[in-house]
Structures are given as C-alpha cells and as structure tokens.
Amino acid sequence: FKVKDLTTPINAMRDMGFRGYSVTIPFKEEAIRFIDDIRPSVKATGAVNTIINSGKQLHGYNTDWLGVVGALLEIKESYKGQSALIIGAGGAGRAAIYALQNMGFGKIIVANRTMKRAKEVSDYFGVDILNLNQINKNILINSSVVINATSETYLENFPYEALTSKHIVFD
C-alpha cells in the first residue's frame, strides 16, 4: 500500500491481524517508533524493513543488510580492507553500511544530498561522508564497491565514465 502516514496501516495491522508488512522508502527509520519488539538488526542499522505481527506484538527486523551481504558474497568470498562508496543515507544506506562493516570493509564513504542526514549516519556508524555533488573520479577509483541506496535511477553529475570492470556496482 502506498501510504502518506504510518499510523493508519500500523493500526490496521494490529486491528485486522495482518501478519506482516514490508517497509520501504521513506518509512524505514520512522517505522521503528511503532514497533513493540525491536530486533538487534534494527538497533544496529537504525532502520526497519520488515514488521511481523505475532498477534500480541509487532516485531521489527532489518533484512536489507542480509541481502547486501548475500549478493556481494555471490561475487567473491572476501572484501576485507576494501573501500566502498554508498550513495544515500536513508534506511537502505544504513543497512548497506552495517553489511559492509560486518564484511570487514576498510573504508566506507557515504554520499548524500543533505549533509545533515549524512552527519547523522556518520555519527551513528563512524563512516566518512560527503555531499552527493562531491563524488568525483578519484573517489570512484578508490572504491571497489559502489552501492546506490536511493530511489534514483540516474544521478546527475555522477562520473559514470570512471566506473570500470573492476568495480562492483549494486543498486
């Protein structure tokens, strides 16, 4: 369901006994305040993408980070010490950061449109940040993995020409 406010669907979930919801942009962070049982993956990422109704409580999970880990491990076994660029500082970006940190990435840079949001992510995870418009060829050359964690399919002023066959690009 496309919603403008989470209150109605969450109340419907409780009242009508819906078993589960998948949460997406822009509600992954806001949904936390509606959850009775916040699972460790939500605490770790600061975002929820799955809500399960047990009949007594709403349980919040973040499974996005597992999807990132699984997809990257299909390509190669280890990323220890490698660098990554994550575009987007919302719920999907938070899950990607958590995934990469758990995989042993050395340097993670998060680029975002608004620096306030990027700073919140930096404070939460201890990653480097920059404004989306600051992405340049040098940043891409030094990043083995590039993850688009936004709903944008095309980024203006992004140096696409700097991407090579050595990069792993994840959207």
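Start by selecting Lys28, which sits in the loop between strand 1 and strand 2 (37–38); strands here are DSSP runs of E of at least two residues, helices are runs of H or I of at least four, and both are numbered from the N terminus. Before going on, note that this is a predicted model: local features need pLDDT of at least 70, side-chain atom pairs count only at pLDDT 80 or more, and totals for chains, interfaces and linings use all residues. Residues are numbered from 1 along each chain as its sequence is written, and side-chain values use heavy atoms, with hydrogens and water left out.

**Stop 1: Lys28.** Is Lys28 buried or exposed? With a relative accessibility of 10%, Lys28 counts as buried (under 20% relative accessible area is buried, over 50% exposed, in between partly exposed, with a 1.4 Å probe and protein chains only).

**Stop 2: helix 1.** Next, select residues 7–16, where Pro9, Ile10, Ala12 and Met13 are buried. Viewed down the axis of helix 1, these buried residues fall within an arc of 160°, so they line one face of the helix; the arc is taken from the directions from the helix axis to the C-beta atoms. Turn to the face away from the buried side and you will find the exposed residues Thr8 and Asp15. To see what covers the buried residues, show strand 1 (20–22), strand 3 (50–53) and strand 4 (58–61), which are among the covering elements.

**Stop 3: Asn131.** Move on to strand 7 (residues 128–131), where Asn131 lies. The side chain of Asn131 reaches the backbone oxygen of Arg113 at 3.3 Å, and a polar atom of that side chain is 2.9 Å from the backbone nitrogen of Asn133. Leaving out residues up to four places away in sequence, Asn131 touches Ala111, Asn112, Arg113 and Met115. Pick the C-alpha atoms of Asn131 and Thr114 too: they are 6.9 Å apart, with the residues 17 apart along the chain.

**Stop 4: the largest pocket.** Which residues lie nearest the centre of the largest pocket? They are Asn112, Arg113, Ala149, Thr150 and Ser151, out of 24 lining residues. The volume of the largest pocket is about 500 Å³. Helix 4 (91–102) and strand 6 (107–112) each give its lining at least two residues.

**Stop 5: the second largest pocket.** Finish at the second largest pocket, with a volume of about 250 Å³. Of its 15 lining residues, Phe1, Val3, Leu6, Ser22 and Val23 are the closest to its centre. Helix 1 and strand 1 each supply at least two residues of this lining.

For both pockets, a 1 Å grid is laid over the protein atoms alone; a pocket is an open set of points where a 1.4 Å probe fits, with protein on both sides within 12 Å along at least five of seven lines, and lining residues have an atom within 4 Å of a point.

Conventions:
Contact = heavy atoms within 4.5 Å. Polar contact = N/O pair within 3.5 Å; in protein donor to acceptor, adjacent residues only side chain to side chain. Points joined across faces, edges and corners; volume = space filled by probe spheres on them.
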